[in-house]
Amino acid sequence: MPGCAHAAKRGTFTNVKGRVQKFMKAVEPRGDARPEWEFLDELVFNVSGQNGFVTVEGLFNEMAKAVPAFNGLTWAGLGDSGVTVPL
């Protein structure tokens, strides 16, 4: 499972102060590498027969519903500069 480097995918990170920010893809992945969330999507489908998450935005939105500190935050709600959540 060749996961790609951080510069070759989109996603979010949360720093130690609770700041949640997006990061965007800067370069194309090399070879067969791809974002790890795509492996998770395939795993969910292969184990349960249900579609997992079709986009990284959808995965983030579902995760935010399940993590109390994110309190229903959405990918779109992060905007360009991110938001701070309570830790």
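**View 1. K9 is a buried lysine in the segment before β1**. K9 counts as buried because its relative accessibility is 15%; buried means under 20% relative accessible area, exposed over 50%, and partly exposed in between, with a 1.4 Å probe and protein chains only. The model is predicted: local features need pLDDT of at least 70, side-chain atom pairs count only at pLDDT 80 or more, and totals for chains, interfaces and linings use all residues. Residues are numbered from 1 along each chain as its sequence is written, and side-chain values use heavy atoms, with hydrogens and water left out. The K9 side chain reaches the backbone oxygen of C4 at 3.4 Å. Beyond its neighbours within four places in sequence, K9 is in contact (heavy atoms within 4.5 Å) with C4, F23, M24, K25, P35 and E36.

**View 2. Three strands form an open antiparallel sheet**. The order is β1-β2-β3. Strands are DSSP runs of E, at least two residues; helices are runs of H or I, at least four residues; both are numbered from the N terminus. Two strands pair if DSSP finds at least two bridges between them. The edge strands are β1 (11-14) and β3 (83-84), and each pairs on one side only. Strands of a sheet pair through backbone hydrogen bonds, either parallel or antiparallel.

**View 3. β1 and β2 make a hairpin**. β2 covers residues 19-23 and pairs with β1 in the antiparallel sense over four bridges. G11 has F23 of β2 as its bridge partner. T14 stands opposite V20 in β2. Four residues lie between the strands of the hairpin, and G18 takes a positive phi near 85°.

**View 4. β3 pairs with β2**. The pairing is antiparallel and runs over two bridges. V83 in β3 is the bridge partner of V20. V20 also stands opposite T14.

**View 5. F60, F70 and W75 form one aromatic cluster**. The structure holds three aromatic pairs. Rings of Phe, Tyr and Trp (its six-membered ring) pair if their centres lie within 6.5 Å; planes under 30 degrees apart count as stacked, over 60 as edge-to-face and the rest as tilted. The F60 and W75 ring centres are 6.3 Å apart and their planes stand at 75°, so this pair is edge-to-face. F60 lies in helix α2 (residues 56-66) and W75 in the loop between α2 and β3, so the pair ties together parts 15 residues apart in sequence. F60 and W75 are both buried.

How values were computed: A polar contact is a pair of N or O atoms within 3.5 Å; within protein, one must be able to donate a hydrogen and the other to accept it, and residues adjacent in sequence count only if both atoms are side-chain atoms.
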